Structures are given as C-alpha cells and as structure tokens.
Amino acid sequence: MKPSHNSCEAAPLLPKMAETHYTPLSSAFPFVTSYQTGCSSLPEISRSTERALREGKLLELVYGIKETVATLFQTPVSIFVTGDSGNGMSSFINALRVIGHDEDASAPTGVVRTTKKRTEYSSSRFPNVVLWDLPGLGATAQTVEDYVEEMKFSTCDLFIIIASEQFSSSHVKLSKVIQSMGKRFYIVWTKLDRDLSTSVLSEVRLLQSIQENIRENLQKEKVKDPPIFLVSNLDPLLHDFPRLRDTLHKDLSNIRCCQPLKTLYGIYEKIIGDKVAVWRQRIANESLKNSLGVRDDDDMGECLKMYRLIFGIDDESLQQVAQSMGTVVMEYKANMKSQTFHTLRREDWKLRLMTCAIVNVFFSLFRFLPCVCCCLRRLRHKHMLHLVAQDTKNILEKILRDSIFPPQI
Ligand SMILES: Nc1nc2c(ncn2[C@@H]2O[C@H](COP(=O)(O)OP(=O)(O)OP(=O)(O)O)[C@@H](O)[C@H]2O)c(=O)[nH]1
Ligand SMILES: [Mg+2]
C-alpha cells in the first residue's frame with residue numbers, strides 16, 4: 001500500500017515571475033560561485049516541480065528541472081570588454097569569435113584610436129550572449145567613475161578587462177570598481193606573441209612574471225584573485241584561449257542558472273520541511289500501521305522503505321532519475337545514508353542508540369506498558385523521518401547541480 005500524500009497539499013510557493021524577489025547568493029547552495037548576476041527570473045515551468053516534489057514523484061521533478069534549466073540557458077547575457085585604449089579589446093572580440101579582422105562582421109581594429117562608441121557583437125559559439133566592445137578608458141580625460149556611468153556598467157553580467165604591455169592603474173581601478181559591484185570579471189593579457197618574441201626570459205618564466213605582476217598590483221588594492229588569461233589575439237586557439245572559453249562557458253551557465261536554481265532549492269527545502277511536519281503529526285497522533293501502510297511498525301527496515309517512498313527516493317525512483325540524468329544510480333546513492341536500515345544505523349549514532357540491543361530488550365520487557373513503548377517507537381520514527389528528509393535534500397541539490405553541469409561518466 002502506498003502511503004497517502006493528501007495532507008501534504010499546500011498552495012504553490014513560487015510567486016509569479018514579476019513578484020519574485022531573490023536573496024543574494026550564499027553558501028546555502030554551495031556548488032555555485034558567489035557573485036551577482038543580471039539574471040534572476042525563474043520560468044513558470046518550475047512550479048510543476050513543486051507539485052511533483054509534494055507528491056514524491058522525483059522523475060517528474062527531474063523533467064521539470066531540465067525544462068527549467070533549458071529555458072534559463074537562453075537568458076541573454078551581456079559581456080563588456082574594457083581596458084586601456086589600444087590594448088587589443090576589439091582584436092580580442094574578433095579572436096574570441098574566431099573571425100578575421102578583415103571579415104565584414106568583425107570589430108574594427110587599428111593602431112590609432114579606433115573604437116569610439118559602445119558596439120555590440122554576437123557569436124554562434126556563445127548563443128544569446130552580447131559582447132560589448134567599449135571605447136578604451138585611457139583615450140579620454142574622464143575619471144573611472146564617469147566612464148563606469150557612461151558605459152552603463154550596471155547593465156553588464158560579466159567583464160573582461162584587457163591589458164597588454166603593462167598592467168596600469170586604470171586596470172586596477174576598473175577591477176576595484178567591478179569587484180565593488182559584486183560582478184564577475186577576468187583579466188586577459190593580450191599581445192603575448194610580442195612579449196614572447198622580445199623577452200630574454202624563458203617562456204615559462206615570462207608567463208609566471210606577467211601573472212605575478214598582475215596579482216601583485218591587484219593585491220595592493222585588495223582585489224581578490226580574478227581568473228587571469230594570457231593570450232595572443234593573433235592565435236585564437238593557442239595559449240590560454242581554450243581555458244578561457246571553457247571558463248566562460250561554465251560562468252555563463254552559472255550566471256544564467258545559479259540564482260534561480262538557488263531560489264528553487266530554497267522552495268524545495270520548504271516543501272520537504274512541510275512534509276516532515278505533516279508526518280511528525282501523523283506519527284504523534286495516528287496508527288503508524290495505517291498511515292504508513294506497513295504490517296509491523298517496529299520493523300524499521302520496512303518503515304524506512306515507506307519513508308523513502310513518501311519522499312520519492314525509493315530505489316526504483318532513483319534508478320529512473322539516474323537514467324534520465326544520463327548517469328548511474330550510484331551517483332545518487334553514494335552519499336545517501338538511508339540506502340538500507342543497516343547503512344542508516346551505521347551512519348547515525350542517534351539511531352544506533354535508539355535501536356541498540358539494550359533498548360530492544362527494554363522494549364520487549366515493557367511490552368505490557370504500551371505508553372513507554374509507543375513513546376520510544378515515535379522517537380525512532382521521527383528521527384528516521386528526519387534522516388530520510390535530509391537525504392532527499394542532498395539528492396535534490398545534486399540533481400540541480402547535475403542539470404547545469406552534467407556528471408561525466
Ligand atoms: N601582435 C599583436 N598585436 C595585436 C594583438 N592584439 C591587438 N593587436 C594590435 O594592436 C592594435 C590595437 O588593437 P585594437 O584591437 O584595435 O585595440 P583596442 O583596444 O580595441 O583599441 P581602441 O579601439 O583604439 O581603443 C592593432 O594594431 C592590433 O592589430 C595581439 O595579440 N598581438
Ligand atoms: Mg577597439
């Protein structure tokens with residue numbers, strides 16, 4: 001008999017998109033890098049996942065999460081490419097798009113000051129991303145504050161600061177301002193081909209000294225370590241370009257998904273909390289045999305199976321989830337305490353204590369005192385319920401993480 005879920009029904013927790021407010025990122029969703037993003041909307045589809053979770057239908061929940069993530073992946077993202085004039089910003093945009101400087105769609109480049117107003121570019125390699133080529137900072141007498149205002153830095157999701165020849169005070173100031181806005185940024189050192197051809201140092205030593213110089217300058221102004229990439233715009237597939245593209249793809253996923261999915265995880269935690277509260281009431285007030293649908297409410301192994309079924313983390317559901325996520329079930333079971341009653345006891349000292357031999361003897365001795373036995377039974381059940389709920393949260397967190405970055409098997 002499947003346990004009833006009716007009493008767990010509640011109104012949807014997710015407000016309409018326009019009404020949704022999101023808290024800043026925190027360690028509550030540990031898999032994401034903590035930085036502010038421009039994207040914060042959660043598609044309506046995610047509402048269906050709330051219902052699935054309430055009903056303990058994990059596979060339906062996975063489908064909903066996948067649809068949600070697919071929609072979030074289409075969120076437009078703005079990347080600003082900034083730096084001192086002549087550092088190679090426009091050339092970098094062309095290199096990132098892997099197009100030649102003489103192609104029609106390329107950003108104009110030149111030895112004299114070339115980019116005079118913000119211009120947007122796109123690339124099929126980064127769908128729904130706008131790459132903004134900005135006029136260089138050093139070209140005018142304006143302050144960094146005026147530049148930030150004029151270029152509309154607040155509308156940007158991720159910044160790429162371009163430097164070459166020297167890491168100047170303008171680069172440090174830009175880094176500081178962007179850090180204070182809580183936004184993600186990279187430092188990209190260009191014209192590495194020139195450095196390599198003119199330097200007396202070995203290649204390894206030269207790369208090290210450029211990185212160290214950038215880090216020292218930033219540390220003096222208390223700017224935390226951003227990712228640093230050393231490239232030549234003449235070789236868009238060499239040096240740090242592959243690593244840069246990789247990092248960018250990961251950060252784009254984070255920018256688009258982390259805030260909404262963190263919100264979703266918060267909602268799931270609340271639903272699980274509500275479900276636990278309902279079942280605690282049942283444990284306190286009802287006959288467990290009836291509400292759980294078990295033959296013997298002292299058979300902890302059988303009861304555990306029913307609790308796992310209630311939360312949708314039974315073996316069959318986990319198998320289906322793993323299949324749908326394109327991975328093996330052990331991925332989801334590996335860190336799960338409640339695989340069996342034996343593993344749960346092994347992992348949890350409180351449950352071990354509640355079900356140890358002495359307590360069991362006490363249990364059989366006081367069989368004629370139903371109040372005492374009933375009290376102990378309820379304690380055991382409430383604790384087991386709590387442990388299964390905790391496993392459910394961990395599994396949900398993994399599903400959310402895997403839906404952004406699929407596990408490699
Ligand atoms: N050797 C070499 N030259 C580069 C590289 N990147 C850019 N350049 C050259 O540097 C000059 C300036 O490049 P741009 O991309 O126009 O620089 P920018 O920062 O956009 O400059 P403005 O638009 O004028 O502010 C051009 O002559 C480019 O060909 C590079 O990686 N290696
Ligand atoms: Mg330019």
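Visitor: Which conventions apply, and what pLDDT do local features need?
Guide: Residues are numbered from 1 along each chain as its sequence is written, and chains are lettered from A and ligands numbered from 1 in the order in which they are written. In this predicted model, totals for chains, interfaces and linings use all residues, side-chain atom pairs count only at pLDDT 80 or more, and local features need pLDDT of at least 70.

Visitor: How many helices and strands are in the protein chain?
Guide: Helices (H or I, at least four residues) and strands (E, at least two) are DSSP runs, numbered from the N terminus. On that basis the protein chain has six strands and 16 helices.

Visitor: Is α1 roughly parallel or roughly antiparallel to α2?
Guide: Axes are lines fitted to C-alpha atoms, for helices over the stretch in contact, with angles from 0 to 180 degrees between N-to-C directions. The axes of α1 (residues 46-54) and α2 (residues 58-72) come within 8 Å and cross at roughly 165 degrees. Angles under 35 degrees count as roughly parallel, over 145 as roughly antiparallel, 65 to 115 as roughly perpendicular and the rest as oblique. That makes α1, relative to α2, roughly antiparallel.

Visitor: Which residues of α2 do those of α1 meet?
Guide: Contact takes C-beta atoms, placed from the backbone, within 7 Å. From α1 come Ser 46, Ser 48, Thr 49, Ala 52 and Leu 53, and they meet, in α2, Glu 60, Leu 61, Gly 64, Ile 65 and Thr 68.

Visitor: How many residues of α3 are buried?
Guide: Buried means 20 or more other C-beta atoms within 10 Å of a residue's own, exposed 12 or fewer, and partly exposed in between, with C-beta atoms placed from the backbone. What covers the buried residues of α3 includes β1 (77-83), β2 (119-123), β3 (126-133), β4 (158-163) and β5 (184-189). Across the 409 residues of the protein chain, 34% count as buried. In α3, which is mostly covered, the number is eight of eight.

Visitor: Which element gives the most residues to the shell around ligand 1?
Guide: A residue is near a molecule if its C-beta atom, placed from the backbone, lies within 6 Å of it. Of the 23 residues around ligand 1, Gly 88, Ser 90, Ser 91, Thr 109 and Thr 115 come nearest. The elements giving two or more residues to this shell are α3 (89-96) and α6 (192-198). The most, three residues, come from α3.

How values were computed: Two residues are in contact if their C-beta atoms, placed from the backbone, lie within 7 Å.
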